[in-house]
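Here is a briefing on one protein model.

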Amino acid sequence: MPTDARAHSPAAERNSGPILAVLQALLPQQGAALEIASGTGQHAACFGAALPRWTWQPTDATPQGFASIAAWCADAPNVRAPLLLNVLTDGWPGTGPVFAAPFDLIYCANMLHIAPWACCAGLMQGAARHLAPTGQLVTYGPYLEDGVPIAPGNLAFDASLRAQNPAWGIRALGDVARQAQHAGLHLAARHALPANNLLLVWQRTAPSH
């Protein structure tokens, strides 16, 4: 695959290192990961190379970025070919056979604020279906938090998103947590990362006795 097939996201280049540091501390030595909304493929390439005993399955809702994902990941044998995946479908990936084996990690960066709100419920419900019993959903991006002043950059970013599409916008963490709760997941860890972004770890909620 020629290198000119690689689309480049400056944000992905900047945030890969801080995200990877959290993942390396969080994850076991090996496992199976599913990435939702892989974008350019830069995260898949970085994390696949740094976590060689993990298999990494990139996906996206449209095939436009598949050439870029494949180009970025050409030297990472543990990263699989990208698949189409719509989080709103009842069985992932939604085209072709449903994933047969559960995933130890489902990773989703920078999707919730550039997708309709229904995609949050779809992500949480799909993660609950496809995570292994001790698996973890990791989401990354900007969030609005009760009692935490909104950073000016995030306020401007939210306004620009809503101007592009009224269905977009930075999500309130409390609203996201409620969707997770409905799906049987809870917020297990919150990591503050550069540029006013959060990495959130969601796990299955233990049944009450």
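Strands here are DSSP runs of E with at least two residues, helices are runs of H or I with at least four, and both are numbered from the N terminus. Two strands pair if DSSP finds at least two bridges between them.

The model is predicted, so local features need pLDDT of at least 70, side-chain atom pairs count only at pLDDT 80 or more, and totals for chains, interfaces and linings use all residues. Residues are numbered from 1 along each chain as its sequence is written, and side-chain values use heavy atoms, with hydrogens and water left out.

**Strand S1 and its partners**

- S1 and S4 run parallel and are joined by four bridges.
- Leu-34 has Ile-106 as its bridge partner in S4.
- On the S2 side, the bridge partner of Leu-34 is Gln-57.
- Five bridges link S1 and S2, again in the parallel sense.
- S1 is mostly covered, with six of its six residues buried. Buried means under 20% relative accessible area, exposed means over 50%, and partly exposed lies in between (1.4 Å probe, protein chains only).
- Gly-31, Ala-33 and Glu-35 point one way from S1, while Ala-32, Leu-34 and Ile-36 point the other way.
- In a regular strand, side chains alternate between the two faces of the sheet.

**The whole sheet**

- Seven strands make an open, mixed sheet in the order S3-S2-S1-S4-S5-S9-S8.
- The edges are strand S3 (83-84) and strand S8 (185-193). Each has a single partner strand, so one side of each is left without a neighbour in the sheet.
- S2 (residues 54-60) and S3 run parallel, joined by two bridges. Asp-60 has Leu-84 as its bridge partner in S3.
- S4 and S5 are also parallel, with six bridges between them. Cys-108 stands opposite Thr-139 in S5.
- The chain goes from S4 through H4 to S5 in a right-handed β-α-β crossover. Right-handed means that, with the strands pointing away from the viewer, the path from the first strand over the helix to the second runs clockwise.
- Another right-handed β-α-β unit is made by S1, helix H2 (residues 42-50) and S2.
- S4 is largely enclosed by the rest of the structure, because six of its seven residues are buried.

**Helix H4 and the cores**

- Helix H4 (residues 118-130) lies across strands S1 (31-36), S4 (103-109), S5 (131-141), S8 and S9 (197-204).
- H4 runs at about 150 degrees to S5. Axes are lines fitted to C-alpha atoms, for helices over the stretch in contact, and angles run from 0 to 180 degrees between N-to-C directions.
- The largest nonpolar core holds 30 residues. Such a core is a set of buried Ala, Val, Leu, Ile, Met, Phe, Trp, Tyr and Cys residues joined through side-chain atoms within 4.5 Å.
- Ile-36, Trp-92, Ile-106, Met-111 and Leu-137 have the most contacts inside this core.
- S1, S4, H4, S5, helix H6 (173-182) and S9 each supply at least two residues of this core. H4 gives the most, with six residues.
- Beyond four places in sequence, Met-111 is in contact (heavy atoms within 4.5 Å) with Ile-36, Ala-37, Val-87, Cys-119 and Leu-123.
- Another core lies apart and has 25 residues, among them Leu-27, Phe-47, Leu-51 and Tyr-140.

**Pro-58 in S2**

- Strand S2 contains Pro-58. Pro-58 is buried, with a relative accessible area of 0%.
- Pro-58 and Ala-44 are 14 residues apart in sequence, yet 6.6 Å apart in space, C-alpha to C-alpha.
- Leaving aside neighbours within four places in sequence, the contacts of Pro-58 include Glu-35, Ser-38, Ala-44, Ile-69 and Val-79.

**Cysteines**

- How many disulfides does the structure hold? There are zero disulfides, a disulfide being a pair of cysteine sulfur atoms within 2.5 Å.
- The sulfur of Cys-46 is 10 Å from the closest cysteine sulfur, in Cys-73, which is too far for a bond.
- Cys-119 is in no disulfide either. The nearest cysteine sulfur, that of Cys-120, is 9.0 Å away.
- Cys-46 counts as partly exposed at 25% relative accessibility, whereas Cys-119 is buried at 9% relative accessible area.
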